[in-house]
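Here is a short tour of one protein model, written for someone meeting it for the first time. Keep the structure open while you read.

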Amino acid sequence: MSTTNDTLANARIAVLGYGSQGRAHALNLKDSGLDVVVGVRKGGPSWNRAYTDGFAVAEPAEAVRGADLVAVLTPDMVQPAVYKEAIEPNIKPGAALLFAHGFNVHFKQIEPRKDIDVILVAPKGPGALVRSEYERGRGVPCIWAVHQDASGQAEAKTKAYADGIGGGRAMIIKTDFKEETETDLFGEQAVLCGGASSLVQAGFETLIEAGYQPEIAYYEVFHELKLIVDLFYEGGIAKMLEFISETAQYGDYVSGPRVIDASVKARMKDVLKDIQDGTFARNWTAEYQAGLPNYKKYKQADLDHPIEAVGAKLRARMTWLHPTTAAPAESLK
Ligand code: NAD
Ligand code: MG
Ligand code: MG
Ligand code: MG
Ligand code: MG
């Protein structure tokens, strides 16, 4: 594959973590002709997977020693410990420390040594897509940023890494750690995860409380959401409008803004403010350190919501969702 710059041609890259992003990055970098070692905990499942995929595998500290670029692709909340224990004592002066999300650097959970580059490359897609697009000779767009340039080469290294994972074949967009971190958190909280799941639950509850059957409600406010989101994804709101009925369009125009009104947007701004001023990061870090008491409670409430039970029953009968297994007979009732 062609890299637009050869800054990393003779570099050793340590990829720490071999999950969604780690595996995709490591495989793509290797197939781009770069020298990759995977750093994971010995005996863990990732160790065997990376080894079976043909990588040199080492404990994180060992992988960092001698590396010219260290990609930190462990879960965000374990990164501060990985930095303290494996990276800070071992990373070479002038080497680059790369993240795929700016949270820990932006919120100062990690304060990187001053003699290293601190950079970011975040593909705008899950690891599986980053890998499968690369294998097709294409790539997933990436955003990139430089937080600290100790070597004078930080930008060139960042772009070479983005090229190495295939991003350069699609598009790379410059950002900074603050923008990436704050917009990522806002998106998942207000719209994608938090907003969408709460919207669906509220719609489901509204129909159930009005006496409608849960099975019917499930299809109308949850299942069919995928069809709409696929249209957004492929062609924007214009494509959705093209494919839905005139009745659905008129209902969208008059009722959408009644549900998502100015008060919702005002609360979105509150959510954004908590992200920007560090309140969310402080609360989340404290929650994590306390052993996740509220997180576990909130999660259980989601799992116990009545939409989950009816959804499990209905999905068991939708064979295309699980093409390799027959639906369990008990779900026939
Ligand atoms: P993941 O949970 O899929 O994988 C994490 C990996 O880290 C696993 O291999 C796990 O075994 C390993 N690990 C866990 N604890 C470790 C430790 N103490 N020491 C060493 N290794 C350890 O994570 P992910 O979703 O790939 O996320 C990695 C980074 O990429 C995060 O910063 C995330 O915000 C970012 N990111 C993820 C996506 C995505 O689609 N998943 C997209 C963009 C950015
Ligand atoms: Mg994101
Ligand atoms: Mg995120
Ligand atoms: Mg309908
Ligand atoms: Mg609308």
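## A loop residue to begin with

Lys108 counts as exposed because it has 10 C-beta neighbours inside 10 Å; the cut-offs are 20 or more other C-beta atoms within 10 Å for buried, 12 or fewer for exposed, and partly exposed in between, with C-beta atoms placed from the backbone. Look for Lys108 in the loop between helix 5 (103–106) and strand 6 (117–123). Helices here are DSSP runs of H or I with at least four residues, strands are runs of E with at least two, and both are numbered from the N terminus. Lys108 is not a glycine, yet its phi is positive, at about 60°.

Leu292 also has a positive phi without being a glycine, near 65°. You'll find Leu292 in the loop between helix 14 (279–289) and helix 15 (293–304). Leu292 counts as partly exposed because it has 14 C-beta neighbours inside 10 Å.

A word on the ground rules: this is a predicted model, where local features need pLDDT of at least 70, side-chain atom pairs count only at pLDDT 80 or more, and totals for chains, interfaces and linings use all residues. Residues are numbered from 1 along each chain as its sequence is written, while chains are lettered from A and ligands numbered from 1 in the order in which they are written.

## The whole protein

Step back, and you can pick out 16 helices and 8 strands. Along the principal axes, the C-alpha atoms fill a box of roughly 65 × 45 × 40 Å. Of the 333 residues, 31% are buried.

The 8 strands make an open sheet with mixed pairing, in the order 3-2-1-4-5-6-7-8; two strands pair if DSSP finds at least two bridges between them. At the edges sit strand 3 (56–58) and strand 8 (172–174), each pairing on one side only. From one strand to the next, the twist averages 25°. Strand 1 (residues 12–16) and strand 4 (residues 69–72) run parallel, joined by 4 bridges. Val15 has Ala71 in strand 4 as its bridge partner.

## Around ligand 1

Which residues come nearest to ligand 1? Gly17, Gly19, Ser20, Gln21 and His101 do, out of 24 residues around it; being near means having a C-beta atom, placed from the backbone, within 6 Å. Helix 1 (20–31) and strand 6 are the elements that give two or more residues to this shell, and helix 1 provides the largest share, 3 residues. By type, the shell around ligand 1 has 12 nonpolar, 10 polar and 2 charged residues. Here Ala, Val, Leu, Ile, Met, Phe, Trp, Tyr, Cys and Pro count as nonpolar, Asp, Glu, Lys and Arg as charged, and the others, Gly among them, as polar.

## Annotated positions

The unreviewed UniProt entry carries the annotation "binding site" for Asp184, Glu220 and Glu224. They spread over 41 residues of sequence and also in space, up to 28.9 Å between C-alpha atoms. UniProt positions are given in the numbering used here, feature names are shortened, and annotations may be inferred rather than shown by experiment. Two of these positions are set out below.

Notes:
Axes are lines fitted to C-alpha atoms, for helices over the stretch in contact, and angles run from 0 to 180 degrees between N-to-C directions.
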